[in-house]
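Subject: The structure I promised you

Hi,

Here is the structure we talked about, handed over for you to look through.

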Amino acid sequence: MLVLYVKNRQLVELSHALTLNVLSETFAELQKRKKIAKMESHERAAALGDGVLDFSRLGLNTLSIDSITDRRKRDTKQLYLSYNRLASLPSSVTLFFNLEFLDISNNGLSFICEDIMRLTKLKTLIAKNNRLDEFSLPKEFGSLQLEVLNFSGNRFEEIPLQCTKLLRLQSLSLGGNRLKSIPAEIENLTSLEMLYLGGNLISAIPPEVANLPYLTYLVLCDNRIQSVPPQLTRLHSLRSLSLHNNLLTYLPREILSLVHLQELSLRGNPLVVRFVKEMTYDPPSLLELAGRTIKSRNLLYSPFDLPANLVRYLDLASKCPNPKCAGVYFDSCVRQIKFVDFCGKYRLPLMHYLCSPECTSPCSSNPQSDAESEEENSVPADRLQRVLLG
Ligand SMILES: [Zn+2]
């Protein structure tokens with residue numbers, strides 16, 4: 001079973017590592033890179049082997065590559081420029097015309113120049129922790145052949161439309177920005193497997209997200225999301241759904257059909273407890289009360305006793321789902337959250353309708369209760385909390 005962990009930054013790191021297939025970069029290797037960083041840049045290039053140039057952590061304001069041979073420029077496929085002081089993407093980068101991977105994170109970068117369009121083989125662009133916003137990208141950015149794009153930790157207030165034109169994109173990270181919404185055009189990214197939007201100001205999930213057939217990891221934690229659209233159940237590839245630290249009060253029942261889900265995080269949402277407290281209930285009409293009595297006491301009636309409209313009304317009774325209740329309701333009911341087992345792995349809070357507020361009380365007395373409702377009604381609040389956090 002795959003476990004992805006929920007701390008914002010760690011997941012960014014892990015996912016990008018997964019996509020780049022460098023998960024094997026162990027602590028020892030990281031130490032080695034740190035050591036190498038102290039060496040002269042051209043030595044470093046040699047030390048890291050063919051195809052990789054590492055100019056990170058050199059305090060560079062500009063990128064001067066005069067000392068690099070033409071062959072080296074041609075052979076370089078990965079370029080690291082992170083932790084420098086580059087305010088915009090140096091145009092000399094385009095001299096590495098076979099570049100497939102570029103990391104320009106942690107630079108204070110506020111602008112990506114049009115020259116990047118000449119990097120026609122670029123598949124991975126990592127530009128985390130800069131000052132980029134939706135005005136920083138060239139107009140044609142969407143025609144790059146990118147598969148992995150990481151703009152986490154920048155200043156985007158919306159997802160640039162150019163990004164929704166990157167049809168080969170498999171991984172898009174925009175965590176820790178200022179995004180308020182997700183554009184409907186997200187559905188164009190039909191190759192997307194990983195969408196990381198944690199740590200923004202997003203208030204709603206558009207149903208178009210459900211049109212991403214390969215989406216496997218959807219991270220929307222630390223936002224302001226109030227509900228989950230039932231359409232998300234069309235995400236048949238979804239393995240991990242992070243929704244912790246949002247404003248969710250319940251989940252749609254349809255979520256039960258996401259049978260491939262391996263991880264779901266919900267902690268830090270006002271799910272059940274608050275919802276039940278704020279529950280409102282319109283008292284039933286006299287007609288409803290009379291109907292409830294007839295149905296719940298099994299009083300016999302026939303079209304000979306009652307007008308046809310009343311017979312029809314009585315036939316529309318819904319059975320109260322609380323097994324301790326045995327009652328019915330018509331139009332007046334109480335919305336309540338009920339925990340339901342999900343593939344034996346989670347207990348999910350789902351929306352239910354009950355006949356009256358008393359139905360939620362733990363002291364209703366029907367000895368014929370089944371195990372599920374026993375658990376539902378006798379679980380102390382702190383244990384519910386643990387279920388949600390667990
Ligand atoms: Zn009831």
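Below is what I found, going from the whole chain to single residues.

First, some housekeeping. This is a predicted model, so to speak of a local feature I need pLDDT of at least 70, and side-chain atom pairs count only at pLDDT 80 or more, while totals for chains, interfaces and linings use all residues. Residues are numbered from 1 along each chain as its sequence is written.

The protein chain has a mean pLDDT of 78, and 72% of its residues reach 70 or more. Two stretches to treat with care are residues 34-47, where pLDDT stays under 50 and the model has 14 contacts beyond four places in sequence, and residues 273-278, also under 50, with eight such contacts. By contact I mean two residues whose C-beta atoms, placed from the backbone, lie within 7 Å. Where pLDDT is low, the predicted coordinates should not be read in detail.

Now the overall picture. The protein chain holds nine helices and 14 strands; these are DSSP runs, numbered from the N terminus, with helices (H or I) of at least four residues and strands (E) of at least two. Of the 390 residues, 35% are buried. A residue counts as buried if 20 or more other C-beta atoms lie within 10 Å of its own, exposed if 12 or fewer, and partly exposed in between, with C-beta atoms placed from the backbone. Among contacts between residues at least 6 apart in sequence, 39% join residues at least 24 apart.

The sheet is what I'd look at next. Ten strands form an open sheet in the order E1-E2-E3-E4-E5-E6-E7-E8-E9-E10, with parallel pairing. Its edge strands are E1 (52-54) and E10, each pairing on one side only. Neighbouring strands are turned by 5 degrees against each other on average, direction ignored; the axes behind that angle are lines fitted to C-alpha atoms (for helices, over the stretch in contact), and angles run from 0 to 180 degrees between N-to-C directions. Two strands pair if DSSP finds at least two bridges between them. E4 and E5, for instance, pair in the parallel sense over three bridges, and Ile126 stands opposite Asn150 in E5.

The largest one has 65 residues, and Leu149, Leu195 and Leu197 have the most contacts inside it. The elements giving two or more residues to this core are E2 (78-80), E3 (101-103), E4 (124-126), E5, E7 (194-196) and E8 (217-219). There is also a second, separate core of nine residues, including Cys325, Val328, Val334 and Cys355.

Leu197 touches several residues beyond four places away in sequence, among them Leu174, Ile202 and Val219. The C-alpha atoms of Val219 and Met194 are separated by 8.1 Å, although the two are 25 residues apart along the chain.

On to the loops. Arg155 is in the loop between E5 (148-150) and E6 (171-173). Why is Arg155 partly exposed? Because Arg155 has 16 C-beta neighbours inside 10 Å. Leaving aside neighbours within four places in sequence, Arg155 is in contact with Arg131, Leu132, Asp133, Asn177 and Arg178. Further along, Leu256 lies in the loop between E9 (240-242) and E10 (263-265), and Leu256 is partly exposed, with 16 other C-beta atoms within 10 Å. Leu256 and Thr233 are 23 residues apart in sequence and 8.1 Å apart in space, C-alpha to C-alpha.

Last, a backbone detail. Most residues other than glycine have a negative phi. Arg57, in the loop between E1 and helix H4 (70-75), has a positive phi near 55 degrees. Asn106, in the loop between E3 and E4, also has a positive phi near 55 degrees. Asn106 is partly exposed, with 19 other C-beta atoms within 10 Å.

Cheers

Conventions: pLDDT = per-residue confidence, 0-100. Core = buried A, V, L, I, M, F, W, Y, C linked by C-beta atoms within 7 Å.
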